[in-house]
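Subject: Structure handover and notes

Hello,

Here is the structure I said I would pass on. Please load it first, then read the notes below it.

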Amino acid sequence: MGAFFYGVSLQWKLDIRSKTLLITCYIVPLFFFAIMGGIFTSIMPEARYTLIQSMTTFGVTMGALIGLPPSLVEIYSSDIKKVYKANGVPIYLGLVLTNISAYIHLFIMSIILYIAAPLAFNAKIPEHPSMYFLSLAIFIAVSLSIASIIGLAVKDQAKTSMFSIIIFIPSTMLSGIMFPIELLPKSFETIGKLFPASWGYKQLTENIFTFESLLPLLLFFVSAIVVCNILLRRIDR
């Protein structure tokens with residue numbers, strides 16, 4: 001167990017030095033918050049009621065989909081995988097360590113937004129913080145599980161970035177964080193529901209857990225675990 005926690009600590013330190021993770025988990029989400037937070041609250045004063053949730057949804061989605069896959073490609077498409085096998089290290093350990101490290105970074109980023117939004121833009125704090133952070137914990141886990149599929153399935157860094165962006169753009173544009181989901185055509189609204197960001201944002205803005213929002217997130221998570229397990233077995237062969 002001590003070796004496991006050491007591995008988590010080491011991966012976290014390595015990720016801090018990673019420019020990709022630094023940019024996707026901190027710099028871009030916080031810069032987006034600083035610019036768009038002011039625009040949203042100026043054009044639509046009522047946006048302050050959901051500003052924390054919308055900026056957090058953007059940050060988590062970006063950090064997971066664009067920040068995590070390159071780290072997994074670096075592990076499973078390089079000599080690091082051979083080092084794992086040579087030393088009898090389970091093949092899944094790299095996936096677990098990178099996910100835990102990314103999870104910590106995304107949670108820290110979300111806390112920064114939670115604290116900064118009310119101070120900078122008079123954003124409304126969620127009525128039930130404990131429920132909000134529990135929903136956040138679930139949403140981060142689901143987002144990282146989907147990102148893990150990209151990192152394990154695609155073995156080229158350039159293609160990984162392409163697939164990540166292809167999923168990231170509709171995830172954010174059709175999730176309801178930019179404009180009310182009711183304003184979208186029905187077809188776009190339906191497509192948006194195929195991505196965790198839509199359900200994560202809905203869950204973050206609700207004050208209670210609802211089966212309607214929680215079930216899709218759980219289905220995403222379980223399905224992603226099954227797919228990641230299959231991909232890991234292929235990599236191990």
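Predicted model: local features only at pLDDT ≥ 70, side-chain atom pairs only at ≥ 80, totals over all residues.

Residues are numbered from 1 along each chain as its sequence is written, and side-chain values use heavy atoms, with hydrogens and water left out.

Overall fold

The chain has ten helices and zero strands, in the order α-α-α-α-α-α-α-α-α-α along the sequence. Helices (H or I, at least four residues) and strands (E, at least two) are DSSP runs, numbered from the N terminus. Of the 237 residues, 46% are buried; buried means under 20% relative accessible area, exposed over 50%, and partly exposed in between, with a 1.4 Å probe and protein chains only. Among contacts (heavy atoms within 4.5 Å) with a separation of 6 or more, 77% join residues 24 or more positions apart. The accessible surface of the chain is about 11900 Å², and carbon and sulfur atoms hold 71% of that surface. Accessible areas come from the Shrake-Rupley method with a 1.4 Å probe, and for residues only the protein chains shown count as cover.

Core

The largest nonpolar core has 54 residues, and Tyr76, Leu106 and Leu152 touch the most other members. The elements that give two or more residues to this core are H2, H3, H5, H6, H9 (196-205) and H10 (211-236), and H3 gives the most, with twelve. A nonpolar core here is a set of buried Ala, Val, Leu, Ile, Met, Phe, Trp, Tyr and Cys residues joined through side-chain atoms within 4.5 Å. Leaving out residues up to four places away in sequence, leucine 106 touches Cys25, Gly59, Val60, Gly63, Ala64, Ile140 and Leu144.

Helix H9 is mostly covered, with eight of its ten residues buried. Those residues are Pro196, Ala197, Ser198, Trp199, Gly200, Tyr201, Gln203 and Leu204, and their cover includes H3, H6, H7, H8 and H10.

Glutamine 53 lies in helix H3 (residues 51-76) and is buried, at 4% relative accessibility. Not counting residues up to four places away in sequence, glutamine 53 touches Pro126, Tyr132, Tyr201, Leu204 and Thr205. Its C-alpha is 9.3 Å from that of glutamine 203, which is 150 residues away in sequence.

Isoleucine 149 is in helix H6 and is partly exposed at 21%. Outside the four places on either side of it in sequence, isoleucine 149 touches Ala224, Val227, Cys228 and Leu231. Isoleucine 149 and valine 227 are 78 residues apart along the chain, with 7.0 Å between their C-alpha atoms.

Local details

Threonine 41, in helix H2 (residues 19-43), is buried at 17% relative accessibility. A polar atom of the threonine 41 side chain lies 3.3 Å from the backbone oxygen of glycine 38. Apart from neighbours within four places in sequence, threonine 41 is in contact with Ala47, Arg48, Leu51 and Phe121.

Asparagine 122 sits in the loop between helix H5 (93-121) and helix H6 (129-153). Most residues other than glycine have a negative phi, but asparagine 122 has a positive phi of about 55 degrees.

Charge and surface

How many salt bridges does a search of the whole structure find? The search finds one, where a salt bridge is a side-chain nitrogen of Lys or Arg within 4 Å of a carboxyl oxygen of Asp or Glu. It joins glutamate 189 to lysine 186, with the closest N and O atoms 3.7 Å apart. Both residues lie in helix H8 (residues 186-192), three residues apart, about one turn of the helix. Glutamate 189 is buried at 15%, whereas lysine 186 is exposed at 65%.

Ile165, Ile169, Met173, Phe179 and Leu183 make a nonpolar surface patch of about 450 Å². Patches are made of residues with over 30% relative accessible area and no salt bridge; like charges are joined within 9 Å, and nonpolar side chains (Val, Leu, Ile, Met, Phe, Trp, Tyr) within 5 Å.

Regards

Technical notes
Polar contact = N/O pair within 3.5 Å; in protein donor to acceptor, adjacent residues only side chain to side chain.
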